[in-house]
Amino acid sequence: MQSIYALHQSQSGDLEKEEKFLFYSLENIQDLYLVMISTLLELKKMEEVFLHKSSLKHLVTSEERNPNKKFINNKVIHLLSESNHITISLENRKIDNWEIHDDYIQLLLRLIKESDLYAKYMSTRDNNFEEDKQFVLDIFTEIIVPNEKLYDYLEDSKLTWIDDIPLVNTEIIKQLKTIKEHAEIRMPRLYKDVDDKDFAKNLFRKTVLNEKDLAKQYLDKTPNWDSERIAEVDTIILKMAICEFLKFPSIPVKVTINEYLEVAKEYSTPKSSIFINGILDNLVKEYQSNNTLLKTGRGLM
């Protein structure tokens, strides 16, 4: 939707250029995942350095001489740091954000160590996998994810990340919840398969190349609206939804409607979802009555 909108705004008609940016922005989701997962790795490294420096002080306390290493020995963070797949991905994609901006890691580490979560966790010295996992989940969801300074940094780093942050954080939380002891941790795949990737390209191209015909489908369904008064984002959403109705027979109608209503709620005006839902509902009834809606598979209507 954003790529089609950008194509409209540029008025260049350069379909290939915008398609390349579409896939560039999708690939950047993986970078964001690595940036977020690496906060946990960098927190451990920074605390290790702190404990080591503390032990070298001239006047060292008993606690500094024999510190509680439960945090740096956290079994889940250890699994992440030992993951060849994540390590190689960090190197190949040149993810070094926290080496350059370690002040964010310092901030997060301070907030963690000041928290009740940390005090409770560090009240013992022995590592237990389930407790370690819950602690990592808690600091990620309650301290790292909600941090406004971190969010602002991510938003400023790459334009496309602002929409991907909730998606990536949700995926990491889901992954942390399902981690098993001694398991090999891998970065989630961006696409399920080749068809999944092709869908993004085909939806973009089929919508753009058939915009005039797709627009004709809904124009007479808006008698109380001048077409020029309909928000441009709404017209794009309608065209994409109609494109899925007519040109993607394997996608259930209900899935298409629900997805685009969510997009409208997120990106368009407060009343857009109601407006779009009414048009799509009327179109589906019309398509069903004249057998225009050709969906394959069971339960796709």
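Colleague: His 182, buried or exposed?

Modeller: His 182 is exposed, at a relative accessible area of 72%. Exposed means over 50%, buried under 20%, and partly exposed in between, with a 1.4 Å probe and protein chains only. This is a predicted model, so local features need pLDDT of at least 70 and side-chain atom pairs count only at pLDDT 80 or more, while totals for chains, interfaces and linings use all residues. Residues are numbered from 1 along each chain as its sequence is written, and side-chain values use heavy atoms, with hydrogens and water left out.

Colleague: Where is His 182?

Modeller: In the loop between helix H11 (161-178) and helix H12 (194-209). Helices are DSSP runs (H or I, at least four residues), numbered from the N terminus. His 182 is not a glycine, yet its phi is positive, about 70 degrees. Most residues other than glycine have a negative phi.

Colleague: And what is the phi of Asn 291?

Modeller: Near 60 degrees, again a positive value in a residue other than glycine. Asn 291 sits in the segment after helix H16 (272-289) and is exposed, with a relative accessible area of 59%.

Colleague: Switching to H4. Which of its residues are buried?

Modeller: In helix H4 (residues 75-82) they are Val 76, Ile 77, Leu 79 and Leu 80. Seen down the axis, these buried residues fall within an arc of 155 degrees, so they line one face of H4. The arc is that of the directions from the helix axis to the C-beta atoms.

Colleague: What do the buried residues of H4 pack against?

Modeller: Helix H2 (15-55), helix H5 (84-92), helix H9 (129-144) and H11. Contact here means heavy atoms within 4.5 Å.

Colleague: Which residue caps the N-terminal end of H4?

Modeller: Asn 74, with a side-chain oxygen 2.9 Å from the backbone nitrogen of Val 76.

Colleague: Where does Pro 67 lie?

Modeller: In the loop between helix H3 (62-65) and H4. Pro 67 counts as buried at 12% relative accessibility. Leaving out residues up to four places away in sequence, Pro 67 touches Leu 51 and Arg 125. Arg 125 is 58 residues away along the chain, with the two C-alpha atoms separated by 9.4 Å.

Colleague: Thr 160, buried or exposed?

Modeller: Thr 160 is buried, at a relative accessible area of 15%. This residue is in the loop between helix H10 (148-157) and H11. Beyond four places in sequence, Thr 160 touches Phe 21, Ser 25 and Asn 28.

Colleague: Pockets now. How much space lies in the largest pocket?

Modeller: About 1800 Å³. A pocket is an open set of points on a 1 Å grid over the protein atoms alone, where a 1.4 Å probe fits, with protein on both sides within 12 Å along at least five of seven lines; lining residues have an atom within 4 Å of a point. Points are joined across faces, edges and corners, and the volume is the space filled by probe spheres set on them.

Colleague: How many residues line the largest pocket?

Modeller: 44, with Leu 22, Leu 26, Ile 29, Asp 164 and Leu 167 nearest its centre. H2 gives the largest share of the lining, eight residues.

Colleague: What is the volume of the second largest pocket?

Modeller: About 240 Å³. Among its 14 lining residues, Ser 38, Leu 41, Glu 42, Lys 45 and Leu 90 are closest to the centre. H2 supplies the largest share of this lining too, six residues.

Note on methods. Helix = DSSP H or I, 4+ residues; strand = E, 2+ residues; numbered from the N terminus. Polar contact = N/O pair within 3.5 Å; in protein donor to acceptor, adjacent residues only side chain to side chain.
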